[in-house]
Amino acid sequence: MHGADPRLVLGLHRSRHHRDILTAALDLGVTALDTAAPYFGFRSHTVLAETAADLLPRFALSTKVGFFPSAGGAEHSLDPVRLRLAVERAARELGREPDTVLLHNPELTLAGLSTADGHTLLGAACTALADAARDGLCRAWGVASWDTRSLGTVQVDDLPSPDVLMVRAGFLVGIDLLDATTVLRTAWQPGKTWGMSPFGGGHRKVWEEFDPRPFLRPSHGDLSRIQAAFRTAFHLPTASAMAVGTDDPRHLAQLLQALGTEVDTAAVSQYLRALHGHRQS
């Protein structure tokens, strides 16, 4: 087993949940695993327990709650009672308490609410997860948001501060969303920020046309564009860890290699200034 590197998180969104990828991840030193209640047709937790119960204690395991099965496939809710029950269920299905439980895409329920109603609803949901952590159902709690703009409108500064804020990261995140995340982090002061979806959901053609390697120092011609995009995503926005989904151990090995490079933060700053300038023009 290689030395563990907590900066790379193996995400199970779209994963086939095969034991082989978990074993390979551990052999490579990837010891952080992220899933969610609705993944794999709401079977992610039970499938992990059935196929890899002996491996799960070796991972720092995070999951997400907020989506629930319904006749239409799934519904979203921030009801604190349902969230508490979902955290309890996650622990039962996994056969262990998750290290971190994240509130899954709260913006879906907050959309369209008044500032006051959104503040009350989000506050109750965050309190439910904070209480779950206090009661030992998980070690930490947080929020995973695909679009942070709605969260910034509900005045989070007096709500419980999450241990983890998971947000979209990378070159395919627009400047409006990056700015919204900055505002949200300043107001909420989360303990850590994790990035997700650094490749924009598999838009490979983007990386055929755009070369992010000049954002590394020195510009690493021996790395692929995908590797450079992944490494730079840790600065768009600044994140301590990055969740990436794959069923290919070779992909994990390549991303770990990229972590050994240094990002040219001056180039990133110049890039952000250019995005701001383009928006204002």
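Biologist: At about what angle does helix α10 run to strand β1?
Modeller: This is a predicted model, so local features need pLDDT of at least 70, side-chain atom pairs count only at pLDDT 80 or more, and totals for chains, interfaces and linings use all residues. Residues are numbered from 1 along each chain as its sequence is written, and side-chain values use heavy atoms, without hydrogens and water. Helices (H or I, at least four residues) and strands (E, at least two) are DSSP runs, numbered from the N terminus. Helix α10 (residues 249-258) lies across β1 (8-11) and β11 (241-245), and its angle to β1 is about 160°.

Biologist: In what order do the eight strands close into a barrel?
Modeller: Two strands pair if DSSP finds at least two bridges between them. Here the pairing is parallel, and the order is β1-β2-β3-β6-β7-β8-β9-β11.

Biologist: Which residue in β9 is the bridge partner of M166?
Modeller: Strand β8 (residues 164-168) pairs with β9 (residues 192-196) in the parallel sense, over five bridges. M166 has its bridge partner in β9, and that residue is W194.

Biologist: How are two packed helices described, and at roughly what angle do the axes of α1 and α10 cross?
Modeller: Two packed helices are described by the angle between their axes and the distance between the axes. Axes are lines fitted to C-alpha atoms, for helices over the stretch in contact, and angles run from 0 to 180 degrees between N-to-C directions. The axes of α1 (residues 19-28) and α10 come within 9 Å, and they cross at roughly 25°.

Biologist: How many nonpolar residues does the contact of α1 with α10 have?
Modeller: Contact means heavy atoms within 4.5 Å. I21, A24, A25 and L28 in α1 meet P249, L252, A253 and L256 in α10. Ala, Val, Leu, Ile, Met, Phe, Trp, Tyr, Cys and Pro count as nonpolar, Asp, Glu, Lys and Arg as charged, and the others, Gly among them, as polar. By class, this contact has no polar and no charged residues, and the nonpolar count is eight.

Biologist: Are α3 and α4 roughly parallel or roughly antiparallel?
Modeller: The axes of α3 (residues 44-52) and α4 (residues 80-94) come within 7 Å and cross at roughly 25°. Angles under 35 degrees count as roughly parallel, over 145 as roughly antiparallel, 65 to 115 as roughly perpendicular and the rest as oblique. So α3 and α4 are roughly parallel.

Biologist: What is the relative accessible area of G201?
Modeller: G201 is found in the loop between β9 and α8 (204-209). Buried means under 20% relative accessible area, exposed over 50%, and partly exposed in between (1.4 Å probe, protein chains only). G201 is partly exposed, because its relative accessible area is 45%.
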